[in-house]
Amino acid sequence: MHIDSQMLAAFGECRNKVIYVFENQLFRLQICFIKKRRNTHTLSKKYAVEDATFTVRTNTNVFIYPIGPIKIMSNNKIHIFDTTLRDGEQVPGCKLNTSEKVAIALQLEALGVDIIEAGFPISSPGDFQSVQEISLAVKDVSVCGLSRAVQKDIETAAEALKHARRPRIHTGIGTSDYHIKAKFNSTREDILQRAIQCVKWARNYTDEVEFYAEDAGRTDNEYLAQVIEAVIAAGATVVNIPDTTGYCLPYQYGDKIAYLVNNVPNIDKAIISCHCHNDLGLATANSIAGVIAGARQIECTINGLGERAGNTSLEEVVMIIRQHGHLGFHTDVKAPMLNPISRLVSDTMRMPVQPNKAIVGSNAFSHSSGIHQDGFLKDAQTYEIIAPDEVGADTSKIILTARSGRSALAYRFRKLGYDFNRDEVDKLYEQFLQIADEKKEVQDEDLKALAVAMAGVEMN
Ligand code: KIV
Ligand code: ZN
């Protein structure tokens, strides 16, 4: 990262200290002191300063280095671009009809997303109709239609979007050498011209034009910057930097966005968008790295649906942004709707959610190990960073298995109306373990049978 003289002056008195610099409003600097203790580094103090000219006084043995780009950003709202109905729906087995799509679009609008990508109008009459019906149905959200860098695609998208209050054409072309050579048998110069042309065509129809540089994740940064500068000059209002193959590591994707922020002279005329696929399980991490580096839109899907291993999961990025308020970002998404909409999408598409899926999986708020259950019952925050009602999930569950302890057992008995004393719980626990070793999970019926037997013994 380039540190200019102003930054060095700010760091002058901080030599031997650790400083993490975050891109943020008001040139905010975040400072971490790290004590060296028996070769391990321990974070001992952390605070933010709203001014670049500060002094740090410390006698601990620490180091200084800035990370991330430094740029004054005036708007830290992250625009949520939902592509469940396009990138999510194109997955085998996830096909929806028009009325199902409209029902989901209305819920996405209520959820508070900023843009709904409603489909790829040229791809089929059904998709065309869905984009048209969604454009008529929603009011407070941009409706987006996908197209290739082909005039007919763009005209068809414009036609499908003509009733939308805020129509957006999403057009673009592959920019990596893999795409340029294998897909198009072309040259970088030709692709650059086609990119400019498609944006100009789209601008004849809509004020919001989003350009995607397909496979930007594997595109040479210098060439990518050249394309992005040219499409913004041609009228693109949003520039999408897809990691189409899910290849990048978070620092690489973040560096790519930072490179564009620092090397595209007209970048302030457009919003940078992250569109990350999950082939290495990094889609969410990459999107967050992207916004930390300067992007202000995330393309994502409910339940992380999408091509192959899926897209960035909407519920994950929204909750990361909420949980990590120090990043200074916000979205307009209403978190308590996250679980209901996850179920709606899963049921309508008949696509089950994996039980351990963050935020919306059936196990996301279940505790099954005895150590965790004991801590959770003393204070939920020992093992939960999010309260289930914050994301519209059912209450936290204590699952009884052979790994559960006495406190979880006593708790579940109390829930069933049995308040046993310590000795009774000890006796019941031995019997419980026998059942738990036979069954995977001990159910309320098993506990009631144990409780009745115990009451019978007590009465005799
Ligand atoms: O993954 C991708 O590159 C895409 C583009 C069409 C935006 O879905
Ligand atoms: Zn995609």
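The dialogue below reads several features of this predicted model in turn.

Me: How are residues, chains and ligands labelled, and what limits apply to the predicted model?

Reply: Residues are numbered from 1 along each chain as its sequence is written, while chains are lettered from A and ligands numbered from 1 in the order in which they are written. Because this is a predicted model, local features need pLDDT of at least 70 and side-chain atom pairs count only at pLDDT 80 or more, whereas totals for chains, interfaces and linings use all residues.

Me: How many helices and strands does the protein have?

Reply: Helices (H or I, at least four residues) and strands (E, at least two) are DSSP runs, numbered from the N terminus; here the protein has 16 helices and 13 strands.

Me: What share of the residues counts as buried?

Reply: A residue is buried if 20 or more other C-beta atoms, placed from the backbone, lie within 10 Å of its own, and 41% of the 460 residues of the protein count as such.

Me: Why is helix α11 described as largely enclosed by the rest of the structure?

Reply: Of the 10 residues of α11 (residues 314-323), 7 are buried, so the helix is largely enclosed by the rest of the structure. These are L314, E315, E316, V317, V318, M319 and I321, and they pack against β4 (79-82), α10 (283-292), β11 (297-300) and α12 (338-349), where two residues are in contact if their C-beta atoms lie within 7 Å.

Me: Which residues surround ligand 1?

Reply: A residue is near a molecule if its C-beta atom, placed from the backbone, lies within 6 Å of it; around ligand 1 these are D87, Y212, E214, N240, P242, T244, H275 and H277. The elements giving two or more residues to this shell are β8 (208-214) and β9 (238-243).

Me: Which residues of the largest nonpolar core touch the most other members?

Reply: A nonpolar core is a set of buried Ala, Val, Leu, Ile, Met, Phe, Trp, Tyr and Cys residues joined through C-beta atoms within 7 Å, and in the largest one, of 90 residues, I116 and V239 touch the most other members. Another core, of 10 residues, lies apart from it, with A408, F413, L428 and L447 among its members.

Me: How do α13 and α14 cross?

Reply: With axes taken as lines fitted to C-alpha atoms over the stretch in contact, and angles running from 0 to 180 degrees between N-to-C directions, α13 (residues 370-378) and α14 (residues 406-415) come within 8 Å and cross at roughly 55 degrees. Angles under 35 degrees count as roughly parallel, over 145 as roughly antiparallel, 65 to 115 as roughly perpendicular and the rest as oblique, and α13 and α14 are therefore oblique to each other. In this contact G370, Q373, D374 and L377 of α13 meet S407, A408 and Y411 of α14.

Conventions
A residue is buried if 20 or more other C-beta atoms lie within 10 Å of its own, exposed if 12 or fewer, and partly exposed in between; C-beta atoms are placed from the backbone.
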